[in-house]
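Take a look at the pockets of this protein and at one strand beside them in the account. Start with the structure itself.

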Amino acid sequence: MAADMTPSLRVVAVSGGMQRPSKAAALAAHLLSRIADAVPCETHLIELGELAPQLAGAVWRTQLPGAIERELVAVEQADVLVVTTPVYRGAYTGLFKHFFDFIHQDALIDTPVFLAATGGSERHALVIDHQLRPLFSFFQAWTLPLGVYATDKDFADYRVQDEALIARADLAVQRALPFMVLARDGRAVRATTRLAA
Ligand SMILES: Cc1cc2nc3c(=O)[nH]c(=O)nc-3n(C[C@H](O)[C@H](O)[C@H](O)COP(=O)(O)O)c2cc1C
């Protein structure tokens, strides 16, 4: 590692949106951009709508093409995850769950995870706490306390437009900063320990 032992943060977003363009993907891109404004990092956005044809038919990870395997590894090696999904029938999309079914069950331990969703209705805002949070609790990830929920009217031309939503996203990023720094420092300590061994 270079003289500066502090590695750049790897922030990976996964959008469960099936359509392209997608509001869930737009929300993920917005959060990535605000995180990048707040802390030095490398960002990467995975749109499951783009991977759907190759992802949907696989039952085992070994059946997946290399391009999807690389995305799974990117998620497993991320310092910070951002997950967004459109609400489908009161939950995350089926392909969102299918993607995370391929993630190794220990790979996200102690990884900070931003939880975010978009829906047609405000009535399904609790999808964040009733669907997304338990999934990432299974992975023993650090699900960040403040989720970000948007509805269709918060977007214009697939860009986040609503002021209250922008403020909520900024607050979520501010509240997440200590966790992101902990995740980065934890990686630096692990790298140093490996070098010393
Ligand atoms: C199959 C399907 C099911 C949906 N179910 C819900 C739902 O249960 N609750 C809700 O608020 N919106 C529901 N919606 C609306 C989408 O969640 C909403 O339009 C979302 O912002 C679309 O995001 P996208 O542009 O990333 O696809 C549904 C849409 C589709 C296509």
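Helix H6, residues 163-196, gives the most to the lining of the largest pocket: six residues. The model is a predicted one. This largest pocket holds about 300 Å³ of space. Its lining counts 17 residues, and the closest to the centre are Ala78, Asp79, Ile109, Thr111 and Arg190. By class, the lining of the largest pocket splits into eight charged, six nonpolar and three polar residues.

Next comes the second largest pocket, with a volume of about 190 Å³. Its lining has 15 residues. Gln19, Lys23, Pro86, Thr118 and Asp152 lie nearest the centre of this pocket. Helix H1 (23-38) supplies at least two lining residues here, and so does strand E4 (112-119). The classes in this lining are seven nonpolar, six polar and two charged.

Now to the strands. E4 pairs with E6, and the two run in the parallel sense over four bridges. Thr118 has Ala150 in E6 as its bridge partner.

Are the residues of strand E6 (148-151) buried or exposed? They are all buried, and both faces of the strand are covered. Val148 and Ala150 sit on one side. Tyr149 and Thr151 sit on the other.

Notes. Residues are numbered from 1 along each chain as its sequence is written. This is a predicted model: local features need pLDDT of at least 70, side-chain atom pairs count only at pLDDT 80 or more; totals for chains, interfaces and linings use all residues. Side-chain values use heavy atoms; hydrogens and water are left out. On a 1 Å grid over the protein atoms alone, a cavity is a set of points where a 1.4 Å probe fits but cannot get out, and a pocket is an open set with protein on both sides within 12 Å along at least five of seven lines; lining residues have an atom within 4 Å of a point. Grid points are joined across faces, edges and corners, and a volume is the space filled by probe spheres set on the points. Ala, Val, Leu, Ile, Met, Phe, Trp, Tyr, Cys and Pro count as nonpolar, Asp, Glu, Lys and Arg as charged, and the others, Gly among them, as polar. Buried means under 20% relative accessible area, exposed over 50%, partly exposed in between (1.4 Å probe, protein chains only). Two strands pair if DSSP finds at least two bridges between them.
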